[in-house]
Amino acid sequence: MRRSMAALAAVTLLSLGACATDEPAASPSGSPPAAGSGTGDQSKFFVQADYDAELSLLTATPTGPADKPWEQVLNPAMVDTAKFKKKGPHKICFSNAALNNPWRQVGFKTMQAEVEAQKSRIKEFVHVDAEGKDQKQIADINDLLGKGCDALIVSPNTTATLTPAVEAACKAGLPVVVFDRGVNTKCPVTFINPIGGYGFGHVGAEFVSQKMKSGGKVLALRILPGVDVLETRWSAAKVSFDKAKVDVVGVEFTDGDPAKTKKIVDDYIQRYGTIDGVWMDAGATAVAAVEAFQDAGKPVPPMNGEDQLDFLKIWKDKQLTAIAPTYPTYQWRTPIIAALRILDGEQVSNPWKLPQPTVTQDNLDQYLDTSMPPLHYAMCGCTDLPGYPQRWK
């Protein structure tokens, strides 16, 4: 991942991070990467056709209500659901990977509010939190199969490990809706997510590559290995960085921890003196990265974050050179809507690809709402839901 001894350290970190999840392809150890390309081998999650398709969706026009992006679809491919038609009101069950970061917490509040908005059609909503543990989520799903659920929603903790549990739910006859993170099976009725990791990673990496000085040093900050949407974000960024021939001096896992993020950034500043760009596969610790540069008395380089309000605020206040590709939290509304449509026997798209807007300097003010908490996400799609804004504060 880095040159000489730094390469060995990053590969070791990657291996340790993979112990508890699906293992991505590692960089070859013992031989430093070529100058200008410290990105290592491409991830085993990379699929060229999927990469090409996602990048084409960045400019596609969605179908659906213009003011409800959580109901919109890019390139719809409708599937029949007549066999799942059932009289309501319904019991909807949700196996959640975790509530271990602000993005997931904001999203779950949005989902709960959507359930409340549909209370005439939903008699019971069961939520089980896997706490970021594969084995717990497998047990959770198995337990839900005996709970009389009319539909099962799953946000998998990791991709390959949760696939058999999702397949078991499908075989039990339940309509299964997977969203956010995917699994390696086609059995769910639909898989819902925005354009996806390739689009996110591409937008951030292209911006950083274009805004930094030619041949400059980039630090890539990742959360954890083995999750498809995060792996594809890095896969797309790797393509952009290799093409631009930037010098990726480090690819580090932060575990989504602000303190760890600050330490990593500070270590790289101390080692290299200057970091010319920062790319992140998720924006929850973007402010921590900014603060590390400020604490070191260094200018904040071009970087990407996400639509978390603390980042949008520091971006505006400090006049950063930044961009925020997004993975909108409004997607947490869509599985509830999809489950109810399936139980009505209505056709739904599979996959159900949602729009994925980008926050830029030009539209920053549109998304920055200083009345909401710093860890709130601008694209919650929640302003019309019961309890807004108090539920999200």
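Start by selecting R222: its relative accessibility is 3%, so this arginine counts as buried, the cut-off being under 20%. Keep in mind that you're looking at a predicted model.

Next, pick E231. What does the side chain of E231 meet in a salt bridge? R222 again, at 3.4 Å from N to O. E231 has a relative accessibility of 1% and counts as buried.

Time to move to another salt bridge; the structure holds 22 of them. Select E116 and R391, where the closest N and O atoms are 2.3 Å apart. E116 belongs to helix α3 and R391 to the segment after α12 (364–367), so the bridge links parts 275 residues apart in sequence. Buried or partly exposed? E116 is partly exposed at 35%, and R391 is partly exposed at 25%.

Stay with α3 (residues 102–117) and bring up α11 (residues 334–343): their axes come within 8 Å and cross at roughly 35°. To see the contact, show M111, E114 and V115 on the α3 side and P335, I336 and I337 on the α11 side. That set splits into five nonpolar residues, one charged and no polar.

Last stop: select R104, D180 and R181, which are linked in a network of salt bridges.

Terms used: Residues numbered from 1 in each chain as written. Predicted model: local features only at pLDDT ≥ 70, side-chain atom pairs only at ≥ 80, totals over all residues. Heavy atoms only, no water. Axes fitted to C-alpha atoms, helices over the stretch in contact; angles between N-to-C directions. Helix = DSSP H or I, 4+ residues; strand = E, 2+ residues; numbered from the N terminus. Contact = heavy atoms within 4.5 Å. Nonpolar A, V, L, I, M, F, W, Y, C, P; charged D, E, K, R; others polar. Salt bridge = Lys/Arg side-chain N within 4 Å of Asp/Glu carboxyl O. Buried < 20%, exposed > 50% of the residue type's maximum accessible area, 1.4 Å probe, protein only.
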